[in-house]
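Please read the points below with the structure open beside them.

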Amino acid sequence: MTLKEKVEQALDTLRPYLETDGGNVSVEEITADNVVRLKLLGACASCSMSIMTFKAGLEQAIKKAVPEITAVEAMNLTDPDSPDATLPPAN
């Protein structure tokens, strides 16, 4: 199984949850130094919870299932420290 197939398999465990909310994710690239670059699709691209979904869900699932991966990046996710970031409201 290729590295991309392993990453896709890890993402497939979470895709039903993303699709329920009108979103999805695609693997755009795996670099030579094993960094996965993802693109959030549909509702996931603009959801206020996308940072949490990415960090606690997608990134963790990939790193757990595919230990060769050194990092996971979202190509279209605003950095949480950016003044333009959309974060969930504090409770």
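**Notes on the predicted model**

1. Ser26 counts as buried because its relative accessibility is 17%; buried means under 20% relative accessible area, exposed over 50%, and partly exposed in between, with a 1.4 Å probe and protein chains only. Ser26 belongs to strand E1, residues 23–30. The side chains of Ser26 and Glu28 are joined by a polar contact of 2.5 Å. A polar contact is a pair of N or O atoms within 3.5 Å; within protein, one must be able to donate a hydrogen and the other to accept it, and residues adjacent in sequence count only if both atoms are side-chain atoms.

2. This is a predicted model, in which local features need pLDDT of at least 70 and side-chain atom pairs count only at pLDDT 80 or more, while totals for chains, interfaces and linings use all residues. Residues are numbered from 1 along each chain as its sequence is written, and side-chain values use heavy atoms, with hydrogens and water left out.

3. Which residues does Ser26 contact, leaving aside its neighbours within four places in sequence? They are Arg15, Arg37, Leu38, Lys39 and Leu41, where contact means heavy atoms within 4.5 Å.

4. Arg15 is itself buried, at 11% relative accessibility. Arg15 forms a salt bridge with Glu8, with 3.0 Å between the closest N and O atoms, and Asp12 forms one with Arg15 at 2.6 Å. Glu8 is partly exposed at 21%, and so is Asp12 at 45%. Salt bridges with shared partners connect Glu8, Asp12 and Arg15 in one network. A salt bridge here is a side-chain nitrogen of Lys or Arg within 4 Å of a carboxyl oxygen of Asp or Glu.

5. The structure has seven salt bridges. One of them pairs the side chains of Lys6 and Glu68, at 3.1 Å from N to O. This pair links distant parts of the chain, 62 residues apart: Lys6 lies in helix H1 (residues 3–12), and Glu68 in the loop between helix H3 (50–65) and strand E3 (71–74). Lys6 is partly exposed at 27% relative accessibility, and Glu68 is partly exposed at 34%.

6. For the whole protein chain, the pattern along the sequence is α-α-β-β-α-β, with three helices and three strands. Helices (H or I, at least four residues) and strands (E, at least two) are DSSP runs, numbered from the N terminus. Of the 91 residues, 30% count as buried. Among contacts between residues at least 6 apart in sequence, 50% join residues at least 24 apart.
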